[in-house]
Amino acid sequence: MNKPFVWLTRQIFEPAIQKISEVAEVEIWPGENPPPSDVILEKVQQAEGLLTMLTDPITASVIENAPRLKVISQMAVGFDNIDVDAATRRGIPVGHTPGVLTETTADFAWALLMAAARRVVEANREVHQGIWRAWGPNVLTGVDVHGATLGIIGFGRIGQAVARRARGFSMKVLYNDPQRDEQAEKTLNVEYKDLDTLLQESDFISLHTYYTPQLHHLINRQRFEQMKEGAIFINTARGGLVDHQALQWALESKKLAAAALDVFDPEPIPAGHPLLQLPNLIITPHIASASTFTRQKMAFIAAENLIAGLGGEKLTFCANPQVYQAG
Ligand code: DGY
């Protein structure tokens, strides 16, 4: 019997590919950059399974032009690049990889928070540029992290992992989420606040929510205006959650002391973007989950979801479990 054809939009951890190859005929987009949309459209004509990255637009028209498609398996926890409703309409499960990247992503949110607070990137740049002259009482002074108030927007796995780390810095932690979690409030010693209060009271604000069109530009000019003078803003979630023009205003006006972004909208940030001129902004290229081990685990989970979907079994991590209720 012929093996089903699956298409991987990027080269992933080799042992995960081998696992898929045991049950499927595998073709892999050879580029390091995402495949163009017309290639995706062409490949889905034949594919029974797709293994995708967050950079691949899996639109309704891709899904509707995929007559044989049984499963989409995304190697990421977020799946806002996929029209999940279109997949659900066709009964196609969409897999994703929650859980395995939680701690690694929280580590990185902290790396950004610390770097922004203590101006690590600016300081490193100055030393490389030969600007280091001598110790000085006013040289590169930053903001204390210990004892400060951290506001976490989105209190899922990653938000909670970020909160756990804050204990070591004796921080007060506030959170906002559509769902209040009284159990976590006790175990993590965090306080629930409405968004307005959280923004007004936090010294550091870190975003950890999924992106949905309803949350587009959740953090806009008005939200930045509500923040404390000299606050520090961190985004490791999705770029679309933030109005970057408003962020520019907040940084230029010194409303914020600094910001650190691992995500942008669009990605990559266009060359010459005015934000790139600002010394109080750190930007990294969407690497919060990028430890080798975590990327390997993500690849395995994506492979397992893909294989389950090909075999008509329930995906362990499914973004649209409604597909199983229908039939
Ligand atoms: C995700 O998984 O959604 C992250 O943004 C990248 O790992």
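Which strands does helix α5 (residues 102-117) lie across? Helix α5 lies across β6, β9 (204-207), β10 (231-235), β11 (256-261) and β12, and runs at about 150 degrees to β10. Contact here means heavy atoms within 4.5 Å. Axes are lines fitted to C-alpha atoms, for helices over the stretch in contact, with angles from 0 to 180 degrees between N-to-C directions. Helix α11 (residues 244-252) also packs on the sheet, where α11 touches β10, β11 and β12 and makes about 140 degrees with the direction of β11.

This is a predicted model, in which local features need pLDDT of at least 70 and side-chain atom pairs pLDDT 80 or more, while totals for chains, interfaces and linings use all residues. Residues are numbered from 1 along each chain as its sequence is written, and side-chain values use heavy atoms, without hydrogens and water.

The open sheet has seven strands in the order β8-β7-β6-β9-β10-β11-β12, with parallel pairing. Helices (H or I, at least four residues) and strands (E, at least two) are DSSP runs numbered from the N terminus; two strands pair if DSSP finds at least two bridges between them. Because β8 (190-192) and β12 (281-283) each have a single partner strand, one side of each lacks a neighbour in the sheet.

The ligand is surrounded by L54, A76, V77, G78, L101, R238, H286, S289 and M298 (a heavy atom within 4 Å). Its polar contacts (N or O pairs within 3.5 Å) include the following.

| Residue, polar atom | Distance to a ligand oxygen |
|---|---|
| G78, backbone | 2.9 Å |
| R238, side chain | 2.7 Å |
| S289, side chain | 2.6 Å |

Taken alone, the ligand exposes 230 Å², of which the protein buries 91% (Shrake-Rupley method, 1.4 Å probe).

Methods. A polar contact is a pair of N or O atoms within 3.5 Å; within protein, one must be able to donate a hydrogen and the other to accept it, and residues adjacent in sequence count only if both atoms are side-chain atoms.
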